[in-house]
Amino acid sequence: RTGSKNKELNFSDELLRKLLQQRKAARFLLGQSRKKQNIEAWYFPGSSDKNALVIGGVHGTELSGIEVAKTLIEKLAGGIQSHYHVIIIPCLFADNASVARNNPIEIGSVANIGRYSFSTAADPNRQMPSPGEPFDESETIDHLGREIEKENRLLLKLINVFKPERIASIHGIRDLKYAGIYAD
């Protein structure tokens, strides 16, 4: 498929290996959301053999995290050289971000419209395999027996293939006294 400016590549193990070998910046589609919105990702080669992953838009209400990820893409596309090979997913849960954008009066409120995909969804941060266990693509439940949403399954597949040494998940926050960088 061809995008408006860039050739869009669909994610696969083979594509990722090719990107790492070619060491050229590229935009690719990680996949599509439940509502068929594209989940785009950007690859930027680094100067080392180490990999890093940056994720924005885990919670749809945290639009500032999406903007931070997009700014990082602009900086790297502008020629800033990274030590790590970097993949940036500016908006993992595109459907949820669309809901938040369509309800601007609620952004920053405790209503959290757009934070979750549906009323009984587990927090997207918590839909992961059991600690210490690898992700199995055929498994669709997390360590507590809840559904792992499609977007997180795509993310976990990417992590399995890319094997990043560092992962940064960019979020937004209502109260600045709690802002910061945290290791988990």
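The stops below begin with the whole chain and then turn to selected residues.

Before selecting anything, note that this is a predicted model, in which local features need pLDDT of at least 70 and side-chain atom pairs count only at pLDDT 80 or more, while totals for chains, interfaces and linings use all residues. Residues are numbered from 1 along each chain as its sequence is written, and side-chain values use heavy atoms, with hydrogens and water left out.

**The whole chain**

Start with a cartoon view, where the chain shows four helices and six strands, both taken as DSSP runs numbered from the N terminus (helices H or I, at least four residues; strands E, at least two). Followed along the sequence, these elements give the pattern β-α-β-β-β-α-β-α-α-β.

Among the contacts (heavy atoms within 4.5 Å) with a separation of 6 or more, 65% are between residues 24 or more positions apart.

**The salt bridges**

How many salt bridges does the structure hold? There are two, where a salt bridge is a side-chain nitrogen of Lys or Arg within 4 Å of a carboxyl oxygen of Asp or Glu.

Select Glu40 and Arg27, whose side chains meet in a salt bridge at 3.0 Å, N to O. Glu40 belongs to strand S3 (residues 38-44) and Arg27 to strand S2 (residues 26-32), so the pair ties together parts that are 13 residues apart in sequence. Glu40 is partly exposed at 23% relative accessibility, whereas Arg27, at 16%, counts as buried.

Move on to Arg146 and Asp142, which form a salt bridge with their closest N and O atoms 2.8 Å apart. Here Arg146 is partly exposed, with a relative accessible area of 28%, and Asp142 is buried at 5%.

**A buried asparagine**

Finally, select Asn152 in helix H4 (residues 150-162); this residue is buried, with a relative accessible area of 1%. Which residues does Asn152 touch, not counting those up to four places away in sequence? Display Leu92, Phe93, Pro124, Gln127 and Met128 to see these partners of Asn152.

Notes. Buried means under 20% relative accessible area, exposed over 50%, partly exposed in between (1.4 Å probe, protein chains only).
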